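User: I am new to this structure. Please show me how to read its features.

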Amino acid sequence: MKITIALKGTLRKLFDCYDDIVVEVPDNCTCDEALQAAGINYKETRNFGFVSVNNKRVMIDSRLNDGDYLKAFSRVSGG
């Protein structure tokens, strides 16, 4: 199945990825596995925040479906 991945915030610069990435992943793939398949090792990134699928925030171990749009966001802070 095909998943589209978009990096947001500082993750774009960190991974030098400003365009959407389309990856082919196995059925029942998780968000974690899809990011790894795209070469995005978020586990070693201190400012990794959260993911959303089709504009709904989900857990990193959530299962994906064919055609899903996965966004990975950096941590945000403010005051």
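User: Which residues have the most contacts inside the largest nonpolar core, and how many residues does this core have?

Analyst: First, the basis. This is a predicted model, where local features need pLDDT of at least 70 and side-chain atom pairs count only at pLDDT 80 or more, while totals for chains, interfaces and linings use all residues. Residues are numbered from 1 along each chain as its sequence is written, and side-chain values use heavy atoms, with hydrogens and water left out.
A nonpolar core is a set of buried Ala, Val, Leu, Ile, Met, Phe, Trp, Tyr and Cys residues joined through side-chain atoms within 4.5 Å. Buried means under 20% relative accessible area, exposed over 50%, and partly exposed in between (1.4 Å probe, protein chains only). Here the largest core has 21 residues, and Ile3, Ile5, Leu35 and Leu70 have the most contacts inside it. Two or more residues each come from strand S1 (2-7), strand S2 (21-24), helix H2 (31-37), strand S3 (48-53) and strand S5 (69-74). Helices (H or I, at least four residues) and strands (E, at least two) are DSSP runs, numbered from the N terminus.

User: What is the order of the strands in the open sheet?

Analyst: Two strands pair if DSSP finds at least two bridges between them. The five strands run S2-S1-S5-S3-S4, with mixed pairing. S2 and strand S4 (56-58) are the edges, each pairing on one side only.

User: In which sense does S1 pair with S5, and in which with S2?

Analyst: S1 and S5 are parallel over four bridges. Ala6 has Lys71 in S5 as its bridge partner. S1 and S2 are antiparallel, also over four bridges. There, Thr4 stands opposite Val22 in S2.

User: Which residues of S2 lie on its covered face, and which on its uncovered one?

Analyst: In a regular strand the side chains alternate between the two faces of the sheet. In S2, Ile21 and Val23 form the covered face. Val22 and Glu24 form the uncovered one.

User: How many disulfides does the structure hold?

Analyst: A disulfide is a pair of cysteine sulfur atoms within 2.5 Å. This structure holds zero.
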